[in-house]
Number of protein chains: 2
Amino acid sequence: MTTGVKNILFIMCDQLRWDYLSCAGHPKLSTPNIDALAARGVRFNRAYVQSPVCGASRMSFYTGRYVQSHGASWNGFPLKVGELTLGDYLRPLGLKTALVGKTHMEPDAEGMQRLGIDPQSIIGVRVSECGFDPYDRDDGLHAFGPDGRYDPRTPRYNGYLNEKGYGGRNPWHDWANAAQGEGNRLASGWAMRNARKPARVREEDSETPYMTRRAMQFIEEAGAQPWCLHLSFIKPHWPYIAPAPYNAMYGPDEVSPAVRSEDERRDPHPVYREFMRHRVSQSFARDEVRREVIPVYMGLIKQIDDQLGLLFEFMQARALFDNTLIVFASDHGDYLGDHWLGDKDLFHEPSVKIPLIVYDPSAKADATRGTVCDELVESIDLVPTFIEAAGGDAAAQSHRLEGRSLGPLLRREKTGSWRDFVISEYDYSLSGAAAALKVAPRDARLFMIADKRWKYIHAVGFRPMLFDLQTDPDEFHDRGADPDCAAERERLAQALAEWGLRMSQRTTLSEQQILARRGKSQRRGILIGVWAEEDIPDEMWSQYRGDLE
Amino acid sequence: MTTGVKNILFIMCDQLRWDYLSCAGHPKLSTPNIDALAARGVRFNRAYVQSPVCGASRMSFYTGRYVQSHGASWNGFPLKVGELTLGDYLRPLGLKTALVGKTHMEPDAEGMQRLGIDPQSIIGVRVSECGFDPYDRDDGLHAFGPDGRYDPRTPRYNGYLNEKGYGGRNPWHDWANAAQGEGNRLASGWAMRNARKPARVREEDSETPYMTRRAMQFIEEAGAQPWCLHLSFIKPHWPYIAPAPYNAMYGPDEVSPAVRSEDERRDPHPVYREFMRHRVSQSFARDEVRREVIPVYMGLIKQIDDQLGLLFEFMQARALFDNTLIVFASDHGDYLGDHWLGDKDLFHEPSVKIPLIVYDPSAKADATRGTVCDELVESIDLVPTFIEAAGGDAAAQSHRLEGRSLGPLLRREKTGSWRDFVISEYDYSLSGAAAALKVAPRDARLFMIADKRWKYIHAVGFRPMLFDLQTDPDEFHDRGADPDCAAERERLAQALAEWGLRMSQRTTLSEQQILARRGKSQRRGILIGVWAEEDIPDEMWSQYRGDLE
């Protein structure tokens with residue numbers, strides 16, 4: 001029996017496509033544990049991220065705000081001091097809010113210095129970690145190159161591997177993300193042709209099981225204290241490489257055909273054309289690459305599913321399914337060669353749509369268990385969902401939070417019209433495409449606005465793109481210049497314009513506080529436009545009169 | 001002879017209309033000292049504020065950012081912690097940045113508490129005071145009513161008055177803003193019918209001379225240290241009342257006729273109609289009110305001009321005209337009954353346009369002395385102007401600053417096209433109009449976009465307004481629904497939409513920093529989309545290889 005929500009388990013995968021789960025219809029991949037969660041909760045079929053790239057997407061997940069509102073629009077772009085994050089909302093409600101895994105948060109060191117915030121203080125650490133208490137932060141990209149390391153932080157995971165006997169300065173790479181190559185040489189997972197070789201690490205010491213165990217440790221330690229744990233897996237994000245047996249669990253014959261059309265390469269939109277020219281797109285356009293990489297991508301997902309099976313068993317044994325809201329999501333998808341693209345970044349469904357499953361233990365959510373929800377949902381909806389689940393009032397935070405609680409959908413309450421469109425944004429200022437197109441950093445902005453049928457993409461300085469998801473579900477035909485679609489473009493451009501003019505920075509006063517202030521200044525002596533004393537109630541003058549000597 | 005800019009004197013009046021100066025063509029009012037400044041500098045003929053209300057306008061003046069960007073959209077709406085202000089930009093350039101007078105800043109107490117910033121610390125005080133060191137902060141509205149005081153701070157000015165023998169708990173009201181009425185009773189300046197009575201205070205102890213002397217004291221104390229002083233007068237803002245002789249310097253016969261038309265009251269835009277119904281508008285629609293109030297409004301301006309005469313003499317005697325950039329501005333105008341309105345708040349020229357004079361001591365500015373500049377200028381241009389004058393690089397701050405330095409206009413440099421349009425915004429969530437129209441706080445938003453000919457006003461939830469300043473310079477005819485103007489509305493709506501989608505919150509990285517990052521992650525080991533080791537330079541693998549044992 002369920003007793004309502006006490007804890008929140010917020011599971012995120014990295015770069016997991018919405019359709020690479022058996023419950024979402026993948027023909028070959030079997031994910032029974034994730035499917036079981038969907039069977040106990042709601043699977044959202046139209047869940048979109050606010051930006052199809054890790055850092056920006058996550059900052060929206062954690063702040064509950066659009067990218068244009070929080071400003072951390074790409075990986076490594078610091079989230080400015082002052083933006084509230086999940087922990088700021090949940091801690092006052094009594095939840096220990098902690099992190100195991102990745103956030104891609106870049107702290108605003110300059111802002112902290114300007115405001116005299118010690119980065120080592122509790123406040124400073126939370127400002128630096130998206131509001132989470134870092135139980136085990138690990139962004140999972142411990143890359144080293146000729147100019148040094150990508151992530152200055154050495155993860156606890158490297159120490160763990162060393163302790164377990166995996167040698168070297170960077171066992172993350174040398175054991176967990178590399179295989180044994182020809183001539184007994186190290187075969188790095190960064191070279192995709194090595195993808196199907198088994199990673200050198202033992203399966204139980206690879207990243208996904210390590211993180212899962214860390215989550216269990218956190219839960220054990222938390223004891224009776226209510227918590228929100230963000231278990232944020234690094235996989236199936238590149239480097240695409242998996243330990244045995246997951247490296248070989250799927251083979252090239254189980255790879256789905258690429259969703260792409262020669263039509264797409266004829267006179268494409270300039271921005272799309274440049275993204276097709278990126279190295280990762282050129283690679284994934286080759287079948288050879290897809291046949292090596294995708295089986296391992298599938299294996300990494302299978303490993304996550306197996307680990308979630310262990311975690312769910314662990315939770316079941318502790319009766320945590322009775323009082324824990326569980327969310328399973330991803331920060332964006334992966335093109336995997338669809339649309340002649342690799343990685344993510346643009347707005348086709350494989351990139352911008354995510355898997356989203358919400359299990360709510362409350363009895364009121366029984367009505368929707370095992371159902372699929374077709375409403376337009378955004379990643380910014382999670383913070384209000386969590387606040388509401390933890391007993392807070394998310395609507396009272398609507399001056400900061402731009403999403404809305406999914407609670408009514410989980411309980412099948414009447415919601416009126418849920419949402420007319422979703423927004424996603426992309427800052428391509430660092431990309432090769434921006435360099436090739438000579439677009440200044442401030443103009444390298446893309447905006448997607450989509451309803452259930454149409455997807456419109458505004459590219460600053462270029463013509464728009466438009467897709468009709470009904471007649472062209474594969475998004476092969478860009479109608480951005482089609483005269484027949486002028487009315488749709490106009491309608492969506494106007495909706496985007498209204499969105500752009502929204503009130504997103506009036507974050508220091510709530511709607512209620514503003515309503516409560518109406519008409520109050522006169523009673524504090526501000527008498528604007530009064531002609532004569534007798535024109536307004538006598539008490540207004542109480543502090544303004546007297547007999548003179 | 002001039003030696004370049006060492007100091008900045010930033011003079012602001014409150015609620016001074018752009019056209020109430022003799023140099024701007026006022027037929028009756030004589031302001032020789034302000035005119036003399038204009039004769040030595042440049043007078044901007046099309047200077048607009050970012051919002052026609054004190055608080056929001058000033059936050060834009062001090063942050064260099066649009067209201068939608070900083071979010072402090074009305075009086076008393078706290079400016080969120082983290083927004084950079086003038087002092088943050090000028091202090092690193094060596095300027096002591098201080099305040100005498102009004103800012104209308106409301107600190108973000110909740111944000112400071114969340115971030116552990118002590119409001120009494122130096123950082124806390126600056127965060128609370130728009131980045132200024134408060135030499136003598138005084139917002140000039142020391143109102144008391146049945147529910148208590150409007151401004152919790154007791155001004156130094158009240159202590160000054162008490163010391164000078166003016167008695168009572170609130171001599172600001174009882175002496176500086178009240179007169180002697182019938183039957184020896186106090187006649188409050190809050191009742192406009194008392195406007196032409198002399199305030200009880202001696203002229204030299206009234207607010208404008210007091211503030212001017214405080215400015216001189218600051219300058220004396222600063223000595224050789226470079227400074228930026230914001231001398232921010234409270235007048236000619238209401239309560240409209242002046243000490244002798246300024247109360248009687250102008251009479252009803254010198255009042256200009258109201259700029260209004262019966263056409264305006266026929267089928268007006270709903271928002272405009274409700275503003276016409278506000279008490280202050282109803283009052284100023286009456287000639288009796290205009291004939292009592294406007295002479296005193298003029299007297300208060302005259303007093304400011306006389307005091308600036310003394311200040312300029314003081315500066316001249318210290319050779320400060322050789323090295324001080326001087327700006328004279330206002331935070332917005334005053335309808336004074338024009339368009340059947342009182343106070344400010346909407347976007348007709350008497351409200352949204354301001355006087356702006358810039359005197360630059362540099363020899364390079366000799367080319368423009370005494371000229372009038374016709375370019376579209378915004379209040380957010382001042383912060384970059386000051387940074388540049390102080391030797392800084394304003395362009396390097398373009399990720400935060402949304403205006404541009406007026407320097408090139410002062411030096412008559414080729415600027416290309418200067419600016420295509422100006423933006424102003426108004427948050428009417430607290431107004432009677434919002435209550436009457438049942439507009440929720442989040443939707444109570446107005447946006448003006450104007451070029452040299454057209455002024456377009458977007459009112460969320462209503463039809464737009466449109467004025468043709470060329471054929472209808474008095475703005476009597478709202479073309480917001482005129483089919484003949486559809487193309488102009490479309491053009492301006494599109495420009496406003498593009499503005500709304502601007503990058504305003506990516507404030508933690510500059511354009512230069514972003515450009516410098518392009519292509520750098522690969523050299524730190526992030527090898528996206530690489531198929532085989534030999535596909536990229538060998539050095540990229542330097543940290544990823546080795547022989548296995």
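## Interface and local features of a two-chain model

Chain B and chain A bury about 10200 Å² between them, with carbon and sulfur atoms giving 54% of that area; buried area is the accessible area (1.4 Å probe) that two parts lose on being put together, summed over both. B:L501, B:W531 and B:L548 supply 9% of the area that chain B buries against chain A, more than any other three residues.

This is a predicted model, in which local features need pLDDT of at least 70, side-chain atom pairs count only at pLDDT 80 or more, and totals for chains, interfaces and linings use all residues. Residues are numbered from 1 along each chain as its sequence is written, chains are lettered from A and ligands numbered from 1 in the order in which they are written, and side-chain values use heavy atoms, with hydrogens and water left out.

### The interface

In chain B, 115 residues are in contact with 115 residues of chain A, where contact means heavy atoms within 4.5 Å. The rule finds 12 salt bridges across this interface, each a side-chain nitrogen of Lys or Arg within 4 Å of a carboxyl oxygen of Asp or Glu. One salt bridge joins A:E533 and B:R193, with the closest N and O atoms 3.0 Å apart.

Helix 17 (residues 486-500) of chain B gives the most to the side of chain B that touches chain A, with six residues. Helices (H or I, at least four residues) and strands (E, at least two) are DSSP runs, numbered from the N terminus.

### Two packed helices in chain A

Helix 1 (residues 32-40) and helix 12 (residues 287-317) of chain A pack at an angle of about 55 degrees, their axes being 7 Å apart. Axes are lines fitted to C-alpha atoms, for helices over the stretch in contact, and angles run from 0 to 180 degrees between N-to-C directions. Helix 1 and helix 12 of chain A are therefore oblique to each other; angles under 35 degrees count as roughly parallel, over 145 as roughly antiparallel, 65 to 115 as roughly perpendicular and the rest as oblique. Residues making the contact include A:I34 and A:L37 of helix 1 and A:L308 and A:F312 of helix 12 of chain A.

### Backbone features

| Peptide bond | Omega |
|---|---|
| A:W238 to A:P239 | near 0 degrees |
| B:W238 to B:P239 | near 0 degrees |

A:P239 lies in the loop between strand 10 (227-232) and strand 11 (242-243) of chain A. B:P239 is in the loop between strand 10 (227-232) and strand 11 (242-243) of chain B.
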